[in-house]
Amino acid sequence: MPSLETIEEHRCFDGAVGFYRHPSEACSCEMSFSVFLPPQAEDGPVPVLYYLAGLTCTEETFQTKGGAQRYAAEYGLMLVAPDTSPRGETIPDEEDWDFGTGAGFYVDATEEPWATNYNMYTYVTQELRGLIRDNFPARTDAQGIFGHSMGGHGALTLALKNPSLYQSVSAFAPICHPVEVPWGRKAFGRYLGEDEERWREHDATELVQAGRTFDGTILIDQGLEDQFLAEQLSPQAFEAACRESGQPLKLRRHPGYDHSYYFIATFMEDHIRHHARALSDAGG
């Protein structure tokens, strides 16, 4: 495994938040991620909860805005947040804020010029997990995943496609049906090409409709004042697919809440508790 470069570390709720950089084989560039180690990690391995951020975000956004460390310290969970895409002078970029840098969509691109670097699916499910396993006191038998918006899409699809890797999953305002909404169609059309059948493997609603379910309840929170709800998110499509397939889902709709981290921070404790319950039972 490549060596990690420590960028900075900060004491936090009797644990520590650290920011790290490393050469990535999956993305053929330097990648960054952040980790919160709860105080329980001083005594041995702890469960790991991966957070996937949304469009334009970095590995810093969740650690500074999510308000999760207090609850992760209480429940003894490690929090890991990767960057949302490859970055650097040699990385293909776009002027659009919703594609390219900051918008990797957690897929492995098959189309040039994106295929060399935009491999966030492999990075998150394989390379990053290996780095956490080899460099931090992580329980490899107790790992969950959650995220927001584009990252909520990533969390749902990665969990549905890899149920043996993750023992819990949740999302804040996820892009639930990307093959049918502008954000998803724009990203998939460029990263994955024109064959829309290939897109369906990266769409949570399509996966559940095809029988790819998760062994456990999926928790989703959605604000009803979310400016992207009507055009981009489609929680009702995912809800219908889960109902038809028998996939346990707790979809909570909240009047007055928007798409921001104020919304995320409000319900963060519920998500940490959701994962802590599942991960405390994992491996045993």
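**Close-up views of a predicted model**

**View 1. Salt bridge between Lys-186 and Asp-96.** In this predicted model, the side chains of Lys-186 and Asp-96 form a salt bridge with an N to O distance of 2.8 Å. Lys-186 belongs to helix α5 (residues 182-191) and Asp-96 to the loop between β5 and α3, so the pair ties together parts 90 residues apart in sequence. Asp-96 is partly exposed, at 32% relative accessible area.

**View 2. Salt bridge between Arg-185 and Glu-196.** The closest N and O atoms of the two residues are 2.7 Å apart. Arg-185 sits in helix α5 and Glu-196 in helix α6 (residues 196-199), eleven residues apart. Arg-185 is partly exposed at 34% relative accessibility, and Glu-196 is partly exposed at 33%.

**View 3. Salt bridge between Arg-212 and Glu-201.** Here the closest N and O atoms are 3.5 Å apart. Arg-212 lies in the loop between α7 (204-209) and β8, and Glu-201 in the loop between α6 and α7. Both are partly exposed, Arg-212 at 30% and Glu-201 at 35%.

**View 4. Network of salt bridges linking Asp-221, Arg-252, Glu-269, Asp-270 and Arg-273.** The structure holds 20 salt bridges.

**View 5. Open sheet of nine strands with mixed pairing.** The strand order is β1-β2-β3-β5-β4-β6-β7-β8-β9. At the edges, β1 (5-12) and β9 (249-254) each pair on one side only. Strands β3 (residues 29-37) and β5 (residues 78-82) pair in the antiparallel sense over four bridges, and Ser-34 stands opposite Ala-81 in β5. Helix α3 (residues 120-135) packs on the sheet, its direction making about 55° with that of β3. Helix α4 (residues 150-161) also packs on the sheet, its direction making about 140° with that of β6.

Key: Residues are numbered from 1 along each chain as its sequence is written. This is a predicted model: local features need pLDDT of at least 70, side-chain atom pairs count only at pLDDT 80 or more; totals for chains, interfaces and linings use all residues. Side-chain values use heavy atoms; hydrogens and water are left out. Two strands pair if DSSP finds at least two bridges between them. Helices (H or I, at least four residues) and strands (E, at least two) are DSSP runs, numbered from the N terminus. Contact means heavy atoms within 4.5 Å. Axes are lines fitted to C-alpha atoms, for helices over the stretch in contact, and angles run from 0 to 180 degrees between N-to-C directions. A salt bridge is a side-chain nitrogen of Lys or Arg within 4 Å of a carboxyl oxygen of Asp or Glu. Buried means under 20% relative accessible area, exposed over 50%, partly exposed in between (1.4 Å probe, protein chains only).
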